[in-house]
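Here is a short note for a colleague who has not looked at this structure before.

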Amino acid sequence: MRRVAVIGVGVTKFGRHDRTSAELFAEAAADALADAGLPATAVQALYYGNVVGSETEKQLHTSPQAASVLGLPAVPTTRFETACASSHAAFRHAVMEVGSGVSDVVLVGGAERVLNVTTEESTEYFAYASDARWEQTLGLTFPGVFALVARAHMTKHGTTEAQMAAVAVKNHKHGTLNPKAQFQKEITIEQVLKSAMVADPLKLYDCCPFTDGGAAVVIASEEVAKAAARRPIWVLASAAASDWMLIGDKRDLSRVPATERAAAAAYRQAGLGPQDVNVVELHDCFTIAEIVATEGLGLFEAGTGGVAAEKGWTSLGGKIPVNPSGGLKAKGHPIGATGAAQIAEVVTQLRHDAGPRQVDGARVGLTHTLGGNTATVLVSLFGRD
Amino acid sequence: MLTQKEFFEKAGAGELQAVRCSRCGALAIPPRAFCPECSERAWQPAPLSGDGTITSYTVIRVAPRGFAGEVPYAIAAVHMKEGVSLLGRVVDIPFDKLKVGLAVRFRPLTRNGQTAVGFGPR
Ligand SMILES: [Zn+2]
């Protein structure tokens with residue numbers, strides 16, 4: 001494999017938009033190309049993530065649509081759908097296209113629009129990421145899946161609701177430092193604990209919001225990257241793993257085996273370990289998801305992720321800052337865009353360009369994106385020279 | 001091999017049907033093409049007793065469209081006596097009695113003419 005770098009990033013404001021997902025993607029992509037200092041004509045392929053477009057926008061064939069709206073009708077495009085991990089899956093495949101020498105410049109990203117439908121509708125569409133016959137018929141929801149994880153983690157390790165709340169408080173605090181974040185206000189432990197129950201033991205403030213938004217990154221071969229406008233941020237690894245689809249087949253709900261497998265593969269590819277990572281953007285769709293992810297990525301021992309959040313070890317200025325962007329919790333979670341947005345944040349951090357939320361001296365960053373019911377996980381590692 | 005349709009027809013009649021690998025003895029529910037333990041494709045029917053214990057549970061308060069009229073409702077992961085696990089709706093057990101380790105028994109639930117996995121008190 002040739003070396004591959006990220007040379008441009010672009011993210012829309014996350015929140016409510018009165019624009020289509022293709023329009024949101026086009027804004028992010030134009031920003032990413034401007035950041036890279038490349039003309040649109042340099043793009044040789046588009047790898048695209050979009051999840052519920054067929055439901056919320058009655059739109060399939062979203063990758064050529066996005067390319068057309070961007071004004072690049074002729075480039076080959078592919079849409080990836082691995083639930084919330086879609087644009088990270090797109091990224092991994094794009095890295096292989098550039099790494100293998102097929103292309104020199106590839107545009108990767110995604111977009112989602114969900115705030116144009118009701119919460120009941122979006123809750124139904126997100127539940128499509130669970131098995132239609134075995135699980136959707138039970139009325140299982142996406143918060144319900146992570147509520148089962150939370151209860152199992154609490155039972156096995158003694159994790160508390162206050163520890164989960166600490167994740168929400170920390171990510172909201174980080175979100176105030178990110179002008180693109182959906183939420184820009186701090187919250188307290190008490191507010192989290194007193195918020196409305198969604199799926200016991202998860203409460204409203206344990207859950208990420210529904211979000212509209214787009215994100216894009218430009219990746220390039222070493223030759224192109226070295227001549228680019230910005231300092232290249234190198235892709236040190238990009239790995240994927242899966243796990244059983246059905247909750248019944250997951251033997252220990254306090255763990256996410258796909259995170260452990262993808263992390264092991266990524267560390268092996270990069271020749272690095274968790275101790276080498278300076279900044280992490282990980283998939284905190286729910287507060288418990290961040291706790292379990294910090295354990296699965298090897299940042300903390302199994303069962304201690306809740307303690308780590310409570311002690312501030314994952315805050316900006318802590319041992320290993322997690323989700324300086326505000327994470328899905330505060331930045332927002334436009335599902336098809338999330339993986340690319342996490343990569344954009346880590347690249348910004350490794351450029352030392354993150355302003356008030358900068359992790360001092362960060363040299364190695366990690367992104368982790370989880371799909372739906374924990375059956376898909378992507379982990380990538382990035383570094384600056 | 002048991003199809004999904006056949007599984008739910010049997011489940012509707014109160015019978016939980018798993019499959020057992022005739023090479024290595026691994027038990028699976030629902031059926032899958034290859035044995036995940038030994039890659040063999042030689043499954044035999046293996047009826048389950050229906051008895052299990054809760055390994056995790058939640059009470060859904062915000063439901064998908066189509067389920068909104070049913071909230072709140074409980075869903076549990078249940079470890080069956082024979083060693084496999086299933087997700088199901090919990091019925092006839094008060095929410096404040098739900099706990100990890102609670103003994104439950106399979107019962108078919110019918111909703112909109114479709115059978116779903118349910119669990120009630122043992
Ligand atoms: Zn076998």
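Which side chain of chain B meets Glu124(A) in a salt bridge?

1. The partner is Arg65(B), and the N to O distance in this salt bridge is 2.8 Å. The model is a predicted one, and this distance, like the other values below, is computed from it. The pair belongs to a wider set of contacts, described in the next two points.

2. Chain A and chain B. Between the two chains, the contact takes 31 residues from chain A and 35 residues from chain B. About 3,000 Å² is buried between chain A and chain B, with carbon and sulfur atoms giving 61% of that area. On the chain A side, the residues that lose the most area to chain B are Arg133(A), Trp134(A) and Leu138(A); together they account for 27% of what that side buries.

3. Polar side of the same interface. Four salt bridges are found across the interface of chain A and chain B. There are also 16 residue pairs in polar contact between the two chains, counted where both residues are at pLDDT 80 or more. The elements of chain A that give two or more residues to the side touching chain B are helix 5 (119-127), helix 6 (142-157) and strand 5 (197-199). Helix 6 of chain A gives the most to that side, with six residues.

4. The sheet of chain A. In chain A, nine strands form an open sheet with mixed pairing, in the order 3-2-4-7-1-8-11-10-9. The edges are strand 3 (77-80) and strand 9 (279-281) of chain A; each has a single partner strand, so one side of each is left without a neighbour in the sheet. On average, neighbouring strands of this sheet are turned by 25° against each other, direction ignored.

5. Strand 8 (residues 233-242) and strand 11 (residues 376-383) of chain A pair in the antiparallel sense, over eight bridges. As one of the partners, Leu381(A) in strand 11 of chain A is bridged to Ala237(A).

6. The domains of chain A. In contact across the boundary are 38 residues of domain 1 of chain A and 41 residues of domain 2 of chain A. The two domains of chain A bury about 2,900 Å² between them, 66% of it on carbon and sulfur atoms. In domain 1 of chain A, the residues that lose the most area to domain 2 of chain A are Cys84(A), His88(A) and Ile233(A), together 26% of what that side buries.

7. Polar contacts between these domains. Two salt bridges are found across the interface of domain 1 and domain 2 of chain A, together with 14 residue pairs in polar contact where both residues are at pLDDT 80 or more. The elements that give two or more residues to the domain 1 side of chain A are strand 1 (4-11), helix 4 (86-99), strand 4 (105-112) and strand 7 (213-221). In chain A there is also a salt bridge between Asp35(A) and Arg351(A), whose closest N and O atoms are 2.9 Å apart.

8. The sheet of chain B. Three strands of chain B form an open, antiparallel sheet in the order 2-1-3. Strand 2 (27-28) and strand 3 (43-48) of chain B stand at the edges with a single partner strand each, so one side of each has no neighbour in the sheet. Strand 1 (residues 16-21) and strand 2 of chain B run antiparallel and are joined by two bridges. In strand 2 of chain B, Leu27(B) stands opposite Arg20(B).

9. The domains of chain B. Chain B is divided into domain 1 (1-47) and domain 2 (49-122), with C-alpha centres 21 Å apart. Ten residues of domain 1 of chain B are in contact with eleven residues of domain 2 of chain B. The area buried between them is about 830 Å², and carbon and sulfur atoms give 79% of it. Leu16(B), Leu27(B) and Ile29(B) supply 53% of the area that domain 1 of chain B buries here, more than any other three residues.

Definitions and conventions:
Residues are numbered from 1 along each chain as its sequence is written. Chains are lettered from A and ligands numbered from 1 in the order in which they are written. This is a predicted model: local features need pLDDT of at least 70, side-chain atom pairs count only at pLDDT 80 or more; totals for chains, interfaces and linings use all residues. Side-chain values use heavy atoms; hydrogens and water are left out. Two strands pair if DSSP finds at least two bridges between them. Helices (H or I, at least four residues) and strands (E, at least two) are DSSP runs, numbered from the N terminus. Axes are lines fitted to C-alpha atoms, for helices over the stretch in contact, and angles run from 0 to 180 degrees between N-to-C directions. Contact means heavy atoms within 4.5 Å. Buried area is the accessible area (1.4 Å probe) that two parts lose on being put together, summed over both. A polar contact is a pair of N or O atoms within 3.5 Å; within protein, one must be able to donate a hydrogen and the other to accept it, and residues adjacent in sequence count only if both atoms are side-chain atoms. Domain bounds come from an automatic or database domain assignment.
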